[in-house]
Amino acid sequence: MATVKEKMVHWDPTDIKAELIKKYPPKVARKRSKQILINEALENQTPEITANVRTIPGIITMRGCTYAGCKGVIMGPTRDIVNLVHGPIGCSFYAWLTRRNQTGAGPDGENYMNYCFSTDMQDADIIFGGEKKLTRAIQEIYDLMHPKSIAVFATCPVGLIGDDIHTVTRNMKEKLGDCNVFAFSCEGYKGVSQSAGHHIANNQLFRHLVGEDDEPRKGKFKINLLGEYNIGGDGFEIDRIFKKCGITNIATFSGNSTYDQFASAHQADLNAVMCHRSINYVADMLEIKFGIPWIKVNFIGAKATAKSLRKIAVYFEDQALIDRVEQVIAEEMPQVEAALADVLPRTKDKTAMLFVGGSRAHHYQELFKELGMKTISAGYEFAHRDDYEGRQVIPFLKVDADSRNIEEIEVEPDDTRYNPRKSEEELKALEAAGVKFKHYDGLAPDMDNGTLIIDDLNQYEAEKLVELMKPDLFCAGIKEKYSIQKLGVPMKQLHSYDSGGPYAGFKGAVNFYREIDRLVNSRVWSYMKAPWQENPQLSAAYVWE
């Protein structure tokens, strides 16, 4: 007989929070309590949550490191820049397409994403220094590939022994002449999470690449799509929709991206920001230096896609574009509605939890709403408070010692190329029409009252949440996948999509509907039982008990 899950029909969020931290020592419990938020209105304000702080030692976090955020997230999807990891070979495993970023080689055929480049530092290099080895590696790559650019990434030992990777790359750039060589000081320990790596990557991209190519780019309604990484082909689907609407995407940061795209990004007339956390730095710098305003968009979910397209069309104030966008939406939505009508009777009233990096734990709630599913708990791996509470809290954020590790670039308007795309009067008129600039409300306002928002969820808490709240679906990353499945709950990877995707745009929504329908309605999960649940071998107690 299949076991039937008993759901907690009337669970109290305060009790759930207390149960989550009950096993912790008192000091740890106090710290974690500030990172677990019961979503409720407090005098019309979003309640405060602690975020972007160090994981407590001893807790098995789901976070990544600074190197992972820099190399894996921001630079990993770039196909024609050779990414060279300076360090022992172990870190380079993450450099080898583990995130399922997709790309098309393009007319020039250049695609280095299939390769894993590393200096493979040995004991002798750690003792005597690895700068000479790095110099030889850069020369070897140039001789073999002759790429437009070589990017060097520092791993933890490099920072500890003091290799001067920036001097090495600067000297090699001068020597090679036609190859832009630059480096990222993204040692894994440098920040509290991979968020520090995003910031470091964006700084160096802006310093060494953005604005390098002034040759005019053709096309009307020019935008940059920021914070889209083409996992499972999401970027391909979004570009398909842009092309159909007549919108020109100058550069994607950084899914299916190229050197020339980055170099020409300053020619866009609007920046559309998907993942607020990983890319808001670039959006702000492009606005300050070149005068390009930015808006927050979301192409995850059919309704969200339609809303974002309309915002872009309204910004350009072109009636032909507005009409074309409406025509595209009308053409695409029937297929979406037909797929939704099929699955909705089976997905309605199911529950989900989302613990995903970037803005995905927010964006994917749009798709679950379309499926009639309720998100009962959500959170980020590497968020800052503004990702939860909205950008209005930024002026009140305290700069701690960890944040000071990350360089802040001082950007000023470009002497010759600063060109505000809209006047102050035009911006105010667009704001009045509903187009908000440099604005993000965060995750919390879009979640139901009484739901749990948890920053930096760990393995213990994830399993405890499943035990207490018994969701129909758990969404997170690869580190949590199998432990959750062994609890008898279907788990969907929303970092690299397992083998699925795309899930963005209209066609992506159809794919997601069908995938979630299969997951939450499969009977196999009710038969799941981990070996230790059937025959426990060990028992233990906490030392403070």
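Reply: In this predicted model, about 40 Å³ of space lies in the second largest cavity. The residues that line this second largest cavity are R32, Q35, R54, T55, I56, I59, D456 and N458, and by class they divide into two nonpolar, three polar and three charged. The number of cavities of 30 Å³ or more comes to two, and the largest cavity has a volume of about 180 Å³. Of the 19 residues that line the largest cavity, those closest to its centre are K71, G76, N83, A95 and M113. Two elements, α3 (66-75) and β2 (81-86), each give two or more residues to the lining of the largest cavity, and β2 gives the most, with three residues. Sorted by class, the lining of the largest cavity holds 11 nonpolar, six polar and two charged residues.

As for the cysteines, the count of disulfides in the model is zero. C116 is in no disulfide, since the nearest cysteine sulfur, that of C91, is 11 Å away, whereas a disulfide requires the two sulfur atoms to be within 2.5 Å; C116 counts as partly exposed, at 27% relative accessibility. C179 is likewise in no disulfide, with the nearest cysteine sulfur, that of C70, lying 17 Å away, and C179 is buried, with a relative accessible area of 2%, a value that falls under the 20% cut-off for buried residues.

Technical notes
Residues numbered from 1 in each chain as written. Predicted model: local features only at pLDDT ≥ 70, side-chain atom pairs only at ≥ 80, totals over all residues. Heavy atoms only, no water. 1 Å grid on protein atoms, 1.4 Å probe; cavity = no way out; pocket = protein on both sides within 12 Å on 5 of 7 lines; lining within 4 Å. Points joined across faces, edges and corners; volume = space filled by probe spheres on them. Helix = DSSP H or I, 4+ residues; strand = E, 2+ residues; numbered from the N terminus. Nonpolar A, V, L, I, M, F, W, Y, C, P; charged D, E, K, R; others polar. Buried < 20%, exposed > 50% of the residue type's maximum accessible area, 1.4 Å probe, protein only.
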